[in-house]
Amino acid sequence: MFKKVSVIGLGYIGLPTAAVIASRGMDVIGVDVNQHAVDTINAGNVHIIEPDLDIVVRSAVQAGNLRATTIPEKADAFMVAVPTPFKENYEADLSYIESAAKAIAPVLEKGNLVILESTSPVGATEELAKWLAEARSDLTFPQTHGSEADINVAHCPERVLPGHVLRELVENDRVIGGMSSACSEKAVKLYKTFVAGECLLTTARTAEMAKLTENSFRDVNIAFANELSMICDKLNIDVWELIKLANRHPRVNILNPGPGVGGHCIAVDPWFIVSSAPDTAKLIRQAREVNDSKPYYVLNQILEALEQFKKPIVACLGIAFKADIDDLRESPALDITKMLAEKNCAKVLVVEPNITKLPESLSKLGVELVALEDALAQSNTLAVLVDHKEFKSIAPEQIAKKVIVDSRGIF
Ligand code: SAJ
């Protein structure tokens, strides 16, 4: 039924999805506005970092099942995986979805399936269908023709964890929200070609809200942990021991405090709920504010620690947005390091085992990327900002004489 699948947007979600579907033997056309990404993929390489993605992409391209282009072509199914950032007022910016809709509309044919994978505010799938209908008055769409429509439209939010994308793409259950029952059924047929997890059917709006709910749940839980960490500092209690003890209750499961919440999902998606229901989503907004304030709290802890030295030298352990990845985007650890360097009150060293070069925003401030041993030899203060595995194996005697601000609780 699906001989040819087109994936619109070849980023962190679209490219792995395209490659996995191609690896199942289907003909996949990846579409991206970025010519460099298109050329890179067609050469069998990848422009983003994700374990094993390079191998899957190369073999799919070499087998002739995956091809990238900047211009959409006809296909049986279209999967839209473009960014949905927020605007200054925290409202979702649907302009990438709108551009994708306008780009594929001219090549749509009766019987096609269009899936929105991008994490989106409630109502975005209906908007997508509206943009398609506006461009193609010769075709019918589910908002007016339900299951009888020429074109089927569904939302199936991505749920993969960066660093584990290839496994989770296949193993995770999928929430599939069709704009009609025919849309849902058709979408399930597509996902069943590569998903081993269960496909759970619902409406498009519920599927949109489900994805936002998953990430907000995590954000609220982390905010609770972050708030506890600040309360415990005041009360002179070890928050890590506290959470470990509380989590021994059979119905308590508190996540870990940290330097703030980074990445491109958990720190963004809750705002889509808040902007849909600003007067009601009080807890969700408060959680965002708690997590967004945590980097400043950690920065102040470091500045206070540095005051006791005539020649303060601080080693920031980790600048990635979470453990054991090299992704620095939306990283609270990177923000803290940058704010610290801007204060110009100490020599700032960075240990980040997953990168070979510092971003310019740090190097231009005189921050140095050093090996862990050098950092331990040179610094008098350690700021633990990411719980990378390399830091967890530091021996107690190596840090016995240091002043430590441990935002991740690894020591
Ligand atoms: N963090 C903490 N404490 C914790 C857990 C995480 O401070 O106990 C921080 C991390 O250090 C990081 C941030 O939260 O800065 C987010 O990390 P994460 O590992 O919780 O999540 P992401 O952003 O990498 O991926 C999430 C996942 N969502 C859920 O687990 C509900 C993933 O499944 C989604 O597909 C992804 O968002 C997405 O694309 O939406």
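Domain bounds are taken from an automatic or database domain assignment. The model is predicted: local features need pLDDT of at least 70, side-chain atom pairs count only at pLDDT 80 or more, and totals for chains, interfaces and linings use all residues. Residues are numbered from 1 along each chain as its sequence is written, and side-chain values use heavy atoms, with hydrogens and water left out.

**Exercise 1. State which domains the chain contains and how far apart their C-alpha centres lie.**

Solution. Step one: the assignment gives domain 1 (4-197) and domain 2 (214-406). Step two: 34 Å separates the C-alpha centres of domain 1 and domain 2. Step three: 14 residues from domain 1 and 12 residues from domain 2 take part in the contact, where contact means heavy atoms within 4.5 Å.

**Exercise 2. Locate the second largest pocket relative to the domains and describe its lining.**

Solution. Step one is the term. On a 1 Å grid over the protein atoms alone, a pocket is an open set of points where a 1.4 Å probe fits, with protein on both sides within 12 Å along at least five of seven lines; lining residues have an atom within 4 Å of a point. Step two: the second largest pocket holds about 870 Å³ of space, a volume being the space filled by probe spheres set on the points, which are joined across faces, edges and corners. Step three: of its 32 lining residues, Leu 161, Arg 218, Ile 222, Ile 266 and Lys 322 lie nearest the centre. Step four: the lining comprises 13 nonpolar, 10 polar and nine charged residues (Ala, Val, Leu, Ile, Met, Phe, Trp, Tyr, Cys and Pro are nonpolar; Asp, Glu, Lys and Arg are charged; the others, Gly among them, are polar). Step five: helix α9 (residues 204-235) gives the most to this lining, with seven residues; helices here are DSSP runs (H or I, at least four residues), numbered from the N terminus. Step six: because domain 1 (4-197) and domain 2 (214-406) both give residues to the lining, the second largest pocket lies between them.

**Exercise 3. Characterise the largest nonpolar core and the surroundings of Met 79.**

Solution. Step one: a nonpolar core is a set of buried Ala, Val, Leu, Ile, Met, Phe, Trp, Tyr and Cys residues joined through side-chain atoms within 4.5 Å; buried means under 20% relative accessible area, exposed over 50%, and partly exposed in between (1.4 Å probe, protein chains only). Step two: the largest core has 43 residues, and Leu 66, Met 79 and Tyr 191 have the most contacts inside it. Step three: helix α1 (residues 14-23) gives the most to this core, with six residues. Step four: beyond four places in sequence, the contacts of Met 79 include Val 5, Ile 21, Ile 115, Glu 117, Tyr 191 and Phe 194. Step five: another core, of 35 residues, lies apart from it, with Val 31, Ala 75, Leu 94 and Val 114 among them.

**Exercise 4. Determine how many residues of helix α8 are buried, and classify Glu 185.**

Solution. Step one: eight of the 11 residues of α8 (residues 181-191) are buried, including Cys 183, Lys 186, Leu 190 and Tyr 191. Step two: Glu 185 also lies in helix α8, but counts as partly exposed at 48% relative accessibility.

**Exercise 5. Describe the backbone and exposure of Asp 52 and Asn 236.**

Solution. Step one: Asp 52, in the loop between α2 (35-42) and α3 (53-62), has a positive phi of about 70° although it is not a glycine. Step two: Asp 52 counts as partly exposed, at 48% relative accessibility. Step three: Asn 236, in the loop between α9 and α10, has a positive phi of about 60° and is not a glycine. Step four: Asn 236 is exposed, with a relative accessible area of 73%.

How values were computed: Helices (H or I, at least four residues) and strands (E, at least two) are DSSP runs, numbered from the N terminus.
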